[in-house]
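Please read these notes with the model open beside you. They take up the parts of the structure and how they meet.

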2 protein chains.
Amino acid sequence: MEHSYIEEISAHEGHEVIIKGWIFNRRSSGKIHFLMIRDGTGIIQGVVSATDISQELFDTVSTIGRESSVIVQGVIKADKRAPGGYELLIKDISIINSSQPYPITKKEHGIDFLMERRHLWLRSSKQHANLRIRRSVINAAHDLFNKRGFTLFNAPILMPTACEGTTNLFETDYFEKNKAYLSQSGQLYAEAGAMAFGKVYTLGPTFRAEKSKTRRHLTEFWMLEPEVAYADLDNIICLAEDMIKAIITTVLLDRQTELKTLERDTEKLKAANSQFARISYKDAVKIVQETNSSFIYGEDFGALDETVLSNRFSTPLVIHRYPKKIKPFYMKTDPEDNELVLCVDILAPDGYGEIIGGSQREDDYNILTDNIKQHNLDQASLEWYIDLRRYGSVPHSGFGLGIERLVAWICGVKHVRETIPFPRLLERLWP
Amino acid sequence: MEHSYIEEISAHEGHEVIIKGWIFNRRSSGKIHFLMIRDGTGIIQGVVSATDISQELFDTVSTIGRESSVIVQGVIKADKRAPGGYELLIKDISIINSSQPYPITKKEHGIDFLMERRHLWLRSSKQHANLRIRRSVINAAHDLFNKRGFTLFNAPILMPTACEGTTNLFETDYFEKNKAYLSQSGQLYAEAGAMAFGKVYTLGPTFRAEKSKTRRHLTEFWMLEPEVAYADLDNIICLAEDMIKAIITTVLLDRQTELKTLERDTEKLKAANSQFARISYKDAVKIVQETNSSFIYGEDFGALDETVLSNRFSTPLVIHRYPKKIKPFYMKTDPEDNELVLCVDILAPDGYGEIIGGSQREDDYNILTDNIKQHNLDQASLEWYIDLRRYGSVPHSGFGLGIERLVAWICGVKHVRETIPFPRLLERLWP
């Protein structure tokens, strides 16, 4: 008899099954033990009656500790009162490993205590829910890009040069002769990919050795970066909007249980899932200046400014066309105002900050090489990238999505550290 | 009028379309130009007749160079003689960017010349085919694991300790106080994931600072690592076999054009797609010793030995139960022979070498901590991992698949450097 997973238990109503899992919780009431059993795909209430098993086994179960591993056999019964709607009437139970007293209990633990035990904390309901939602977010993105004919294009992590300087870069020796730097973005490589495959996306870890200690920063985080040949700024904004909506729709469809566990207000997610608000940088400045009189046109928005902006709208907020001088060298100059670039930031609602940054790329050889000079970058280390403008340059655009920030907003968790299995932070590299 | 992609061109037979792409090739015959146009999703032959466009435009087209970017408009016509079965009767053509003389021509180029121009080489038919097959390989694996309820679990890249020593590890400063090491495998973290989610898989880059200069080695390569709670060695061998077969089936179905471009003998792939050959290490030694008399029982197989072994079979070859002393500390001791471990290697056919390494993991606290001592590893840096045996330990198993080696075998390319967009090798970190 093969074992079953709790996720699919409704298919077995009235039948006998074997479940292999762990004790999530136990309470006893006279001649009955109620065992909450988790197997990684779900949780089910198992009922052990003294009349159904030997006295010896019944007594053993009465001392079984949390997270002990067990294999149970029994019959699945629909029961509206049971969490999840089904109950397991246990006929036999084998204890595989009796857990040592489990350190994470129902009482409030400090964040350091939990982060130190991240390998165990992952088993808790909320962490479990965060990462199952993360899974759905990534899957929904993969599905959308596949459906639209994008080629997954794995950009390299080890970079030969630090063309924008070594600040914020992790550096390693590359054998005797060279240094290598950990990638902050796969974009430049994705551009080469777009010229070869038309439509590509990267999905992988990226690194910032930034001394930021905020709830939005990780030193190692995952980025999704589509890049599309012959796409302009407007095309890429539409793609970003379609993608976020596809992700929200998937999560609302597949992760109701997890959203409930997280006590997420799903009405807010539904409200976000309509036509995104779009404003120019110029108009965004006006809104910011209403509450922050010291903000000067031409600056980039700070975290507080972003919160003010995003609180005005129930959808993610698209802000386009920022001043050229605060943006990177590869963004295309706006033909209608050469002080601006054709770029876009998308802010999540509720003060979760920037989740997407993108732009049309400068496809003109002369303007690009001029930008490189203006930014005092090392042109030699960018020659391969400049080649993309020598050999059949085309208009093209792309963006980067920070996976953890998007997941944090969808889950409604305050800190991105809970949205990745093993977060890396300024002061945390363990476990 | 929206533009169309060549991949879907059959849907537009008899209709007018716009295609945005690049000139892959051009030949002229009196009053007709034949343009091979690529758009990243496919290649189509465009026909430009002097009678259909202005003389000026016709003359311009006659000088248009390879990889110049063009937007063409015309009618799709079925034509059995045309490569791909369709032809585009061009009515209008705009040259977006006239390419500089393209460095990669039809003549034979040296590998250094091509690797130095990897960002352009990606546009060539064979490289294009390799990476489209790579895309299908990864998608097929994602699909299988999703269908089977696995949770995608991104293991960290930055590791706090080098528990097996720093040889072959890339090292970086982690802010002022610490060192970090780039991950060689996500397995230990995936084990924590399996205890939380039952079934997980990681997919991400891994790193080996190995001074190997062979056709099978990259310093940065992608690994897929499933890990399953309550699975034994046999379960995980079946999973690996199912996965490879699902991948071969997908590639044979979706990538006929690419396999043809690569001149891959698909009969060999079909032959590989049946019940995998399975032998024990002991039996494998006997085969190796037939041709390599100096091979001693207890050693690991070298590349030549692997070729001898894989050439005996038309399917991938499963070799199980190696001597404990040549395998890592985390592998479970075989209860039937404590000199062996419950592990598995899978070799690709045709001498492509090991593509999968896996094992049942040691789930016994005492044996595991004893192994750690025997291997002279730093137990303190593994305490979190040992915790998985303190709190509800269960039998569990997993494996790692090297994406590039599998793609190399499926594509029939000799060197793994052609199976990843921007390969990193002992002597190559550029572009």
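The points below go from conventions to domains, then to the chain pair, and end with backbone details.

1. **Conventions.** This is a predicted model, in which local features need pLDDT of at least 70 and side-chain atom pairs count only at pLDDT 80 or more, while totals for chains, interfaces and linings use all residues. Residues are numbered from 1 along each chain as its sequence is written, chains are lettered from A and ligands numbered from 1 in the order in which they are written, and side-chain values use heavy atoms, with hydrogens and water left out.

2. **Two domains in chain A.** Domain 1 of chain A covers 6-97, and domain 2 covers 118-419. The bounds come from an automatic or database domain assignment. The C-alpha centres of domain 1 and domain 2 of chain A are 45 Å apart.

3. **Where the domains touch.** Contact here means heavy atoms within 4.5 Å. Six residues of domain 1 of chain A are in contact with four residues of domain 2 of chain A. The two domains of chain A bury about 470 Å² between them. Carbon and sulfur atoms account for 33% of that area. Buried area is the accessible area (1.4 Å probe) that two parts lose on being put together, summed over both. In domain 1 of chain A, the residues that lose the most area to domain 2 are A:F24, A:R38 and A:G40. Together they make up 52% of what that side buries.

4. Two salt bridges are counted between domain 1 and domain 2 of chain A. A salt bridge is a side-chain nitrogen of Lys or Arg within 4 Å of a carboxyl oxygen of Asp or Glu. The side chains of A:E7 and A:R132 form a salt bridge, at 3.4 Å from N to O. On the side of domain 1 of chain A that touches domain 2, one residue is nonpolar, two are polar and three are charged. In this scheme, Ala, Val, Leu, Ile, Met, Phe, Trp, Tyr, Cys and Pro count as nonpolar, Asp, Glu, Lys and Arg as charged, and the others, Gly among them, as polar.

5. **Chain A against chain B.** How many residues meet across this interface? In chain A, 99 residues are in contact with 99 residues of chain B. The area buried between chain A and chain B is about 8,100 Å². Carbon and sulfur atoms give 62% of it.

6. **Specific pairs and classes.** The rule finds two salt bridges across the interface of chain A and chain B. A:K211 and B:E176 meet through their side chains in a salt bridge, at 2.6 Å from N to O. Of the residues on the side of chain A that touches chain B, 53 are nonpolar, 24 polar and 22 charged.

7. **Symmetry.** Chain A can be laid on chain B by a turn of 180° and a shift of 0.0 Å along the axis, with an RMSD of 0.0 Å. The two copies are therefore related as by a two-fold rotation axis. Copies are superposed by least squares on the C-alpha atoms of residues with pLDDT of at least 70 in both. The same surface serves both copies, and 100% of the contact residues of chain A recur in chain B. Of the residues of chain A, A:T172 comes closest to the rotation axis, with its C-alpha at 2.5 Å.

8. **Backbone details.** Most residues other than glycine have a negative phi, and most peptide bonds are trans. The peptide bond from A:W430 to A:P431 is cis, with omega near 0°. B:W430 and B:P431 are also joined by a cis peptide bond, with omega about -5°. A:R321 has a positive phi, near 60°, and is not a glycine.
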